[in-house]
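How are the contacts between chains to be read?

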Amino acid sequence: MSLQPIRTPKELGSIDYYTSGHRTCAGCGPAIGYRLATKAAGPKTVLLGPTGCMYVANGHQFLTSPYAVPWFHTQLGGGGAAGIGTAAAFRALISKGKRKREEINVLVYGGDGGFADIGYAGLSMALTYDYQRLLYILYDNESYANTGIQASSTTPWGATTTFTPTGKVKRIGNERMKKNVALTIAAHPGVRYVATSALYPPMDLVNKVRKALNSGGPAFIQILTPCPKGWFFDPKHTITLSRLAVETGAWALWEYEEGTFSLTYKPPKRQGLREYMRMQGRFTHLSDEDIERLDRVIEEQWKLWLESDRQRRIILPWTPPPTPL
Amino acid sequence: MAIPEYERLTWAVVHCRGVLHTAHGSNLVRILATAGMVAGKESYYYMRYDDSPERDNVPMMFYAVMGDPRVDVVLHEEVEPVGRLFDAVLVMDSSMLLHRTSQRALILDGAKEDAVLVVNTSLPAVRVLDVVRERQLAHDWRGSLVTIRARTYDPEIAYPLLGALAKAWNRVRIGDILGALELLGRGHKAPVVEEAYRDAEPIKVFLRAGEKAFKKLELPESREWWDLETYRAYQAAAAGARTYEERMAAMPRWEVLAPGLIEFGPTPGGKNIGFTTSFERYLRPQVDRGKCTDCKLCHHYCPDGAMGFEAVVDLNYCTGCGICSEVCPVKAISMVGEWEAEKGLREEELLTIEEALREYMY
Amino acid sequence: MSAVTARPVQRLVPRMRIWTGTRAIAEAVKIADVDVIAAYPIRPYTGVMNELARMISDGEFSAEIIVADSEHSQFEIAKHASAVGARTFVGSSGVGLLYAAEAITVTALAQLPVVALAGCRALDDPGNFGMEWNDTLVFRDFGWLVSWAKDAQEALDMTLVAYRVSEDRRVLLPHFVAVDGATITHIASPVSPPDERIEGFLPPYKPPYPLDPEYEPVTKAQHIAPSLIGTEQRKVVDVSMKRSRGVIEEAWRDFSRRVGRSYPPFLESAYMDDAELAIVTMGAYTKDAVYVGQKLRERGERVGVVRLRYWRPYPAQELRESLEDVKGIAVLDFSYSFGSPDMGGAFYNELRAALYEAYQKPLILDFLFAGGREPNVEHFEKAVEITKRAVERGRPERLVYWLTLRGEDI
């Protein structure tokens with residue numbers, strides 16, 4: 001059974017599978033992504049949660065659970081394996097006649113720590129298999145937020161975190177460039193569908209989740225989910241920052257379907273990086289020149305994104321980090 | 001469960017909000033514990049381990065403990081107080097008095113009968129008392145209340161709150177607090193503390209808890225297996241508990257549990273009744289139905305599923321983040337203060353997140 | 001001599017095969033109709049996965065076999081497949097088990113009846129492929145059942161019993177079947193494969209709360225503040241482990257009756273009736289120990305042998321009953337625990353702990369074979385001799401001996 005695309009927010013309906021009642025920060029971006037993704041997947045879904053904010057903040061009390069579909073914790077590095085173990089169990093039980101035939105979605109919702117760092121090998125392994133309706137979603141809040149904001153390999157250049165604080169000698173904070181996890185996943189030939197997404201445009205994530213589940217193979221989506229605590233902003237701005245991330249080109253939205261690349265959003269005029277970064281306390285120490293240099297790096301990347309889009313195939317957007325003056 | 005050894009110690013607890021007040025809360029207990037040390041008592045201060053890491057708006061607690069060096073501090077990993085410990089209860093955001101704590105307990109749950117309550121607020125003390133009587137009383141309270149508009153003294157609200165506390169409390173003298181400031185290199189804040197001390201007007205309070213006292217819960221008999229029905233019965237009992245004590249009484253014995261930590265989520269269309277999250281809220285959305293175009297953006301963008309499909313807010317879960325009002329394309333949603341919405345009162349002492357972010361340090 | 005006439009062996013020992021331990025275990029996994037298998041190579045357990053992969057490729061039975069990226073993933077795969085309702089098989093050796101330790105611990109606390117082969121191997125560094133028990137003994141505190149086979153036959157039988165015990169609703173704990181690396185995993189020995197007599201021995205597996213949208217929305221292993229349920233959860237595991245003793249006895253009684261081989265559930269002993277000295281060990285070297293016992297008996301020495309078949313649950317009561325009347329015990333120990341009480345191995349010290357509650361306390365000496373250098377019957381004879389001398393003198397010269405160490409002449 002194929003999941004239909006959603007044209008308007010109204011079509012998506014009101015039933016939640018990740019429901020109310022979790023101790024996340026006010027304005028939590030990953031929680032919004034979780035709601036949208038699980039709504040898109042629907043009731044015939046098993047959710048798996050690697051350790052992270054979406055594990056620890058969603059639980060905490062006994063005799064409470066926000067999940068209206070089966071949910072099971074997996075270790076921080078276990079996301080890839082947990083998804084494949086679950087999918088394999090369904091396939092084995094169904095093919096051996098031990099369970100009735102039915103299409104079950106397996107959705108693993110893990111953070112950047114779980115999928116870009118410690119669980120990266122497991123994710124990579126899982127995506128070399130051909131399990132259907134197996135979807136890995138990386139909610140990228142650009143740090144280990146649940147342990148008090150430590151840098152991960154998707155923390156952007158210039159961000160201050162507790163492991164990359166700015167100081168008298170190290171002015172910049174995080175000096176590593178953000179790893180583009182989704183691009184590396186696209187290099188797995190068995191993956192039918194790879195996409196990046198954000199909370200903006202509104203139904204972008206929902207439709208990508210449905211495409212991914214329909215794709216007939218394992219799939220991967222990386223969503224940029226602003227984190228009020230880790231990025232230091234007023235919780236009401238979560239969606240505003242998602243929009244700015246997309247409009248400034250700091251976060252490129254694309255999908256890669258069976259070998260064909262396309263940008264799903266092209267900023268009409270890429271601008272406003274300074275506004276985007278100045279809204280986030282983690283960049284306050286950066287000078288306007290720093291931001292301009294970063295903007296030039298993004299400009300270089302966009303030339304390659306657009307060229308990739310034109311050629312319908314991926315050209316790796318290699319760019320050196322902005323060197324501090 | 002009361003443990004006399006712990007009750008003999010002198011305890012102060014600070015109720016505040018994650019990220020908004022983290023710096024202020026830790027500052028306050030650090031100074032208080034240092035004051036205890038200056039006075040020659042063995043003293044500790046700490047953030048409740050369970051609240052780590054702090055989260056935006058989520059209530060959290062800091063403790064300062066002074067007293068018997070033979071008894072170690074016990075609450076490092078506990079969910080709630082062991083018995084009635086607190087001699088002083090400080091509340092940095094008065095809207096917290098309108099809701100339960102993040103542990104679904106009451107602000108005065110663990111307070112001694114003669115506890116001092118210090119509230120940072122612009123509201124009249126009598127209004128604060130009304131709400132305490134209505135929502136925060138688990139036991140009789142025969143102590144004192146002092147309210148103070150902390151930010152009119154200093155943006156670092158720990159200092160005026162300490163002054164107000166010292167006025168109402170005989171456990172720590174103002175001189176010891178000033179000594180602590182010297183020791184911590186914060187001597188320049190002494191005038192703030194002294195001024196708040198001078199101005200503070202504690203009032204004597206006697207509130208009876210009446211029927212709010214502990215109620216025995218009806219729970220199902222132990223079964224061999226922890227089935228859905230048993231789970232729901234325990235869940236409903238815990239969710240309906242009014243105090244920490246009642247909630248702990250709803251926690252099952254091991255014989256009832258299924259192997260492998262099984263819980264049950266809501267059925268589709270339901271919500272997590274075991275964990276309402278109104279405690280995160282100091283603002284709430286108000287929807288102008290005349291303007292609403294039924295676009296559903298507020299519903300889909302609510303991190304907590306609190307904004308209904310028809311733009312009706314579920315106040316059990318709304319955390320007051322304000323996303324709905326930001327994403328509304330026709331500006332039909334505005335955010336109003338909790339006090340205003342509930343009691344028609346304006347709280348001027350609200351620390352906004354913008355201000356907090358400027359001060360908030362890791 | 002006249003021409004040798006070929007005599008069909010089958011007539012004498014019908015259905016016997018010569019299989020390595022790993023091959024035998026693979027046979028058990030096939031008979032159990034396992035649904036999901038997670039593989040990752042490390043010597044010496046790997047053979048079992050090679051066999052299973054071949055069987056699946058040849059259509060001997062059907063299962064999903066996942067080649068994982070690591071041991072950690074392997075055990076996570078098994079854990080999650082088991083939660084859905086699949087019967088699973090996994091395994092590892094040496095440092096591979098330690099790499100998977102995190103996934104191994106959560107499998108027990110989630111109470112999922114995964115069955116795993118532990119092919120015992122010395123821990124790195126260096127890349128030591130000798131036999132030691134440390135890789136498996138460390139899981140003594142994790143909530144897994146651990147049984148120890150002495151040969152390929154028993155490994156096969158134990159694997160089948162492991163599924164039955166760990167899937168029993170009174171237990172629901174994962175299960176290691178441990179076999180000594182090389183001696184069992186790689187040496188082929190005669191095995192009698194189970195036949196139709198074991199039909200119905202292993203009922204189908206269904207978890208009480210499958211992680212399947214077909215049933216209630218189960219939330220499993222959610223993050224919970226420790227004081228709310230942590231203690232109760234640990235107690236449930238503790239009680240499951242305690243209950244497993246009865247289930248193990250039941251299962252082996254049933255299995256023995258069906259196959260006509262007699263298996264005592266927890267301890268196997270030889271010549272223990274009037275023994276004054278006992279050799280205590282586990283695993284493949286039991287055979288050599290029994291030989292030594294026999295040889296010394298022929299010389300008139302009253303020496304017996306006791307073998308543990310389960311390491312968890314630990315058969316403390318059975319050991320006390322069996323060993324209370326002996327005067328000295330030689331422990332053949334393939335584990336070490338640097339800095340432990342009297343610097344003995346973990347196997348030795350657990351035995352000492354169990355016998356602390358004994359009515360009479362025998363002298364217990366540890367003969368520790370660390371580092372993968374193989375001992376032989378001479379070492380074992382020497383161990384008995386040293387123990388005997390210590391008993392005669394009334395006190396031991398030392399408690400721990402490294403008999404295979406260069407310079408410790410025997």
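This is a predicted model: local features need pLDDT of at least 70, side-chain atom pairs count only at pLDDT 80 or more; totals for chains, interfaces and linings use all residues.

Q: How is the size of an interface expressed, and what area is buried between chain A and chain B?

A: The size of an interface is often given as the accessible area lost when the parts come together. Buried area is the accessible area (1.4 Å probe) that two parts lose on being put together, summed over both. Between chain A and chain B about 4700 Å² is buried, and carbon and sulfur atoms give 61% of this area. On the side of chain A, Arg23(A), Phe62(A) and Leu63(A) lose the most area to chain B, together 17% of what that side buries.

Q: How many residues of chain A and chain B are in contact?

A: Contact means heavy atoms within 4.5 Å. By this rule, 59 residues of chain A are in contact with 61 residues of chain B.

Q: How many salt bridges and polar contacts are counted between chain A and chain B?

A: A salt bridge is a side-chain nitrogen of Lys or Arg within 4 Å of a carboxyl oxygen of Asp or Glu. The count between chain A and chain B is 2; one of them joins Glu54(B) to Lys229(A), with the closest N and O atoms 3.9 Å apart. A polar contact is a pair of N or O atoms within 3.5 Å; within protein, one must be able to donate a hydrogen and the other to accept it, and residues adjacent in sequence count only if both atoms are side-chain atoms. There are 21 residue pairs in polar contact across this interface of chain A and chain B (both at pLDDT 80 or more).

Q: What does the interface of chain C and chain B look like in these terms?

A: Here 25 residues of chain C are in contact with 24 residues of chain B. The two chains bury about 2200 Å² between them, 70% of it on carbon and sulfur atoms. In chain C, Tyr209(C), Pro217(C) and Leu228(C) lose the most area to chain B. The count of salt bridges between chain C and chain B is 0, and 5 residue pairs are in polar contact (both at pLDDT 80 or more).

Q: Which strands join chain B to chain C?

A: Helices (H or I, at least four residues) and strands (E, at least two) are DSSP runs, numbered from the N terminus. Two strands pair if DSSP finds at least two bridges between them. Strand E8 (residues 262-264) of chain B and E9(C) run antiparallel and are joined by 3 bridges. Within this pairing, Val218(C) is the bridge partner of Phe264(B).

Q: Why is H9(A) described as largely enclosed?

A: Buried means under 20% relative accessible area, exposed over 50%, and partly exposed in between (1.4 Å probe, protein chains only). In H9(A), 8 of the 10 residues are buried, so this helix is largely enclosed by the rest of the structure. Among the buried residues are Ile239(A) and Leu244(A). Gly249(A), whose phi is positive, near 80 degrees, follows H9(A).

Q: Is Thr319(B) buried or exposed?

A: Thr319(B) is buried, with a relative accessible area of 2%. Its place is in the loop between helix H9 (297-300) and H10 of chain B. Not counting residues up to four places away in sequence, Thr319(B) touches residues including Ala26(A), Asn57(B) and Asp304(B).

Note on methods: Residues are numbered from 1 along each chain as its sequence is written. Chains are lettered from A and ligands numbered from 1 in the order in which they are written. Side-chain values use heavy atoms; hydrogens and water are left out.
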